[in-house]
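Here's a quick tour of one protein chain, written for someone who likes to know the cut-offs behind the words. Have the viewer open while you read.

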Amino acid sequence: MADESGLKINKTHYREVQSLSLSSCPEKLRIHLLERKDPAVFDGAAKQWACSDWTPEFLAQELGDLRTNFRVCARQNLSVNGGSCEKTIMETDCVFEKASFEEFNQWLNGCTERSGCLSRFQRENYWCYADYKYMAQLFKDFPHLRKSVDWNCFGFPERSGDESTIWIGSAEASTPCHVDTYGCNLVAQIYGSKKWILFPPSETSNLYPTRIPYEESSVFSQVNITNPDLTRFPAFENALGYEVILKPGDVLFVPKKWWHYVESLETSISMNTWIELDCDHLERVKEALIRTLVSALKKEEGAAEETWLNPSEEIGTHAQNMSYLNRALCAVKQGTSCDVDTPNLDGTLHRHMDRNQTTISTDDLINSITSPEVINAIMSKALDKFGIFQTINLSLESPGVVDQKLEPKQTVKNGRNMNCNSSSGSYELDESVRSEPFGSGFFESSTEQEISECPPLKRVCTDEERN
């Protein structure tokens with residue numbers, strides 16, 4: 001569909017998230033949630049929690065002058081018919097200001113003279129968000145606040161505020177569409193209302209994933225979910241999503257690797273807890289590899305960190321990244337953590353690698369990422385971005401598949417001249433190939449079939465090169 005200017009716009013209708021009731025047996029509900037593949041909302045499940053009556057005014061009174069970072073961003077101005085598409089707002093597009101909860105509360109009420117550094121942001125033009133705050137760290141001197149959160153009714157009696165994060169924001173405060181690579185998620189809405197738009201893992205290719213800006217365990221979508229540019233991201237039109245509005249007391253379950261976009265419809269307070277899964281060990285190896293590669297490439301590029309690194313993320317030295325990778329590999333081998341030490345209050349660890357463990361070196365990493373199948377997969381993405389034909393004269397049959405014939409994704413040119421004597425060559429540009437962002441499909445694994453569909457490129461001899 002297009003507006004009057006010809007710009008393609010999205011008119012997606014989302015499915016509803018299934019509503020469930022709390023079980024009389026929390027242990028059975030825990031098992032069900034850990035095995036569940038679809039999201040679910042529990043209406044009013046947190047209404048009896050001690051924190052159910054929290055408001056911005058209450059937190060301002062309780063916390064006094066306690067200061068934290070607030071993410072501030074200009075509101076997006078949309079045209080009446082929704083045709084003015086904006087880029088998705090990442091954290092790197094925002095300003096971060098340190099303020100007290102009392103100043104934030106004054107800012108919410110329009111009292112700019114008492115809102116400190118937030119006073120320079122007009123209430124009607126900006127939104128403000130204290131997001132992703134570990135309660136164990138933020139409320140370390142307020143144990144009664146941490147004890148107000150209780151996930152016991154969902155079968156997780158070991159979890160309280162110490163294992164939770166809190167999100168406090170004004171209307172329109174949002175988190176860009178992303179997927180968390182670790183664990184599953186329980187979210188309790190305490191005050192105000194929030195809109196959640198979710199997509200299953202099967203929609204990944206339609207969401208144009210990217211690892212820039214980089215944040216460990218977060219893969220972002222390049223699409224502005226609420227106002228997408230379908231000219232630039234046409235596949236998003238086919239994305240099947242779900243939508244739910246969380247009201248005070250509602251609890252949402254988000255399964256592993258479900259994409260989600262979140263927006264406060266009014267001033268909002270919510271809490272969540274990430275539940276670790278056994279498969280997270282392998283995911284940590286993937287994340288350690290990505291961290292090492294992104295850090296090396298972007299630092300070599302010389303790009304300023306604020307342009308590619310989320311403000312909440314830290315990138316260490318290459319030696320530190322390799323140490324992190326080896327710890328992740330060790331955890332997979334042992335089925336548990338290889339870290340030796342106790343957790344910090346905020347959930348982070350002082351990590352010390354067991355010196356007797358086998359390690360992977362930088363040379364090992366280079367040999368892995370330069371293997372033919374990995375290079376072929378990267379090359380295929382690069383060619384696809386430029387709309388280039390692969391001109392080949394090789395069998396497309398995978399060596400490991402006897403009876404299966406594979407159809408190539410791109411046009412194949414036969415009749416290769418074997419008498420080329422130059423190191424140069426030519427390729428052919430296919431104008432019909434839609435150029436997609438290079439990051440698209442990065443989240444998907446490269447199987448043997450996918451690799452065999454993209455065999456090595458063979459150059460085409462020019463007339464001058466023939467004998």
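## Starting with Gln106

Does Gln106 count as buried or exposed? At 9% relative accessibility, Gln106 counts as buried, where buried means under 20% relative accessible area, exposed over 50%, and partly exposed in between (1.4 Å probe, protein chains only). Gln106 sits in helix α3, residues 101-108. Helices here are DSSP runs of H or I with at least four residues, strands are runs of E with at least two, and both are numbered from the N terminus. Setting aside neighbours within four places in sequence, Gln106 is in contact with Cys111, Arg114 and Ser115; contact means heavy atoms within 4.5 Å.

A word on the ground rules: this is a predicted model, with local features needing pLDDT of at least 70 and side-chain atom pairs counting only at pLDDT 80 or more, while totals for chains, interfaces and linings use all residues. Residues are numbered from 1 along each chain as its sequence is written, and side-chain values use heavy atoms, leaving out hydrogens and water.

## The chain as a whole

The chain has eleven helices and 16 strands. Of its 467 residues, 46% count as buried. Among contacts in the chain with a separation of 6 or more, 80% come from residues 24 or more positions apart. The accessible surface is about 23,700 Å², and carbon and sulfur atoms own 49% of that; these areas come from the Shrake-Rupley method with a 1.4 Å probe, and for residues only the protein chains shown count as cover.

## Cysteines

How many disulfides does the rule give? The count comes to zero, taking a disulfide as a pair of cysteine sulfur atoms within 2.5 Å. Cys25 is partly exposed at 24% relative accessibility. Cys111, one of the contacts of Gln106, is partly exposed too, at 22%.

## Two helix pairs

Helix α6 (residues 280-301) and helix α8 (residues 318-334) pack at about 165 degrees, with their axes 8 Å apart. That makes α6 roughly antiparallel to α8. Axes are lines fitted to C-alpha atoms, for helices over the stretch in contact, and angles run from 0 to 180 degrees between N-to-C directions; under 35 degrees counts as roughly parallel, over 145 as roughly antiparallel, 65 to 115 as roughly perpendicular, and the rest as oblique. The α6 and α8 crossing is left-handed, meaning the near helix is turned anticlockwise from the far one by less than a right angle (clockwise would be right-handed). Residues of α6 that meet α8 include Leu282, Val285 and Leu289, while the α8 side includes Leu325, Leu329 and Val332. Zooming in, Val332 is in contact with His281, Leu282 and Val285, leaving aside neighbours within four places in sequence. Val332 is still partly exposed, at 34%.

The other pair is helix α2 (residues 56-63) with α3, whose axes come within 8 Å and cross at roughly 150 degrees. So α2 and α3 are roughly antiparallel to each other, and their crossing is left-handed. Pro56, Glu57, Leu59, Ala60 and Leu63 in α2 meet Phe101, Glu102, Asn105 and Leu108 in α3.

A cis peptide bond joins Ile212 and Pro213, with omega at about 5 degrees. Pro213 belongs to strand β11, residues 209-215.

Tyr132 isn't a glycine, yet has a positive phi of about 60 degrees. Tyr132 lies in strand β6 (residues 126-134) and is partly exposed at 33%. Glu172, also not a glycine, has a positive phi of about 80 degrees. Glu172 is in the loop between β7 (165-169) and β8 (174-180), and is partly exposed at 31%.
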